[in-house]
Amino acid sequence: MHTPRILIVTAVEVEREAVLRGIGRENERVKVIAAGVGPVTSAVQTTLELVKSENPFDLVIIAGVAGGFVGRAEVGHIVVADQIRSGDLGAESPNGFISIDELGFGSGSIEVEEKMTKRIYQTLMQAEAPVSMGPIITLNTTTGTAETAKRLAGEFPEARAEAMEGFGIATAARKMNIPVCEIRTISNLVGPRDRNAWKLKDALWMLEEAFAKCKEVL
Ligand SMILES: O=C(O)c1cccc(C(=O)CC[C@H]2O[C@@H](n3cnc4c(=O)[nH]cnc43)[C@H](O)[C@@H]2O)c1
């Protein structure tokens, strides 16, 4: 019987370490890499990993910390993506943002692997973890003003969180017909930049917890 192989992709090393602590280092079916910050670097690194692997991967899981939209995802909570969307791929106009879809140049949104996403979400719910589901948007630039936060919240009314890699990594995986999921824990709220207020330790601990709780279903 074929046992599914999973590539988990984080941006930075501390996120990779948190995932490994949760899932366990002895799991041979799972590889965890830190692919760098931002959609381009992480997409290229993911592609290299997928191409060089002797045994193909069956699933890519994007994992890490994220900013939560106010009133939609609190600091310390887990967000499981039901859609991976680019938050800035398109054109600006006096009437607002025009998505790549509206421009007719492709799609700014990638569907997640539904079965695994539901399984992860239900496992976390059953474990009474603070989890919610919704779109996670990907940006090149972390939001740092109230104006941008308000604009994005309006343009993406369903979005729970923003981060910087999902759409890039998911694009790399989909080009190779590999399904994707995204799981993030909230380190800060989307709004005026206050790096000192980021609760990275808490978010990394929750990332570890989330993977510890889900390791049986992965
Ligand atoms: O400095 C540290 O110790 C440290 C530890 C863990 C992670 C970091 C990062 O800087 C991670 C960057 C990573 O986090 C995502 N992220 C987090 N909050 C936001 C946000 O509000 N908007 C966009 N992205 C966010 C992002 O995916 C970055 O790659 C540092």
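Guide: On a 1 Å grid over the protein atoms alone, a cavity is a set of points where a 1.4 Å probe fits but cannot get out, and its lining residues have an atom within 4 Å of a point. Grid points are joined across faces, edges and corners, and a volume is the space filled by probe spheres set on the points. This is a predicted model, where local features need pLDDT of at least 70, side-chain atom pairs count only at pLDDT 80 or more, and totals for chains, interfaces and linings use all residues. Numbering runs from 1 along each chain as its sequence is written, and side-chain values use heavy atoms, leaving out hydrogens and water.

Visitor: What volume does the largest cavity have?

Guide: Its lining includes Thr-142, Asn-188, Arg-193 and Trp-198. The volume of the largest cavity is about 40 Å³.

Visitor: How far is a polar side-chain atom of Glu-165 from an oxygen atom of the ligand?

Guide: A polar contact here is a pair of N or O atoms within 3.5 Å. Arg-184 has a polar side-chain atom 3.4 Å from a ligand oxygen, and for Arg-195 the distance is 3.3 Å. For Glu-165, the distance is 2.5 Å.

Key. On a 1 Å grid over the protein atoms alone, a cavity is a set of points where a 1.4 Å probe fits but cannot get out, and a pocket is an open set with protein on both sides within 12 Å along at least five of seven lines; lining residues have an atom within 4 Å of a point. A polar contact is a pair of N or O atoms within 3.5 Å; within protein, one must be able to donate a hydrogen and the other to accept it, and residues adjacent in sequence count only if both atoms are side-chain atoms.
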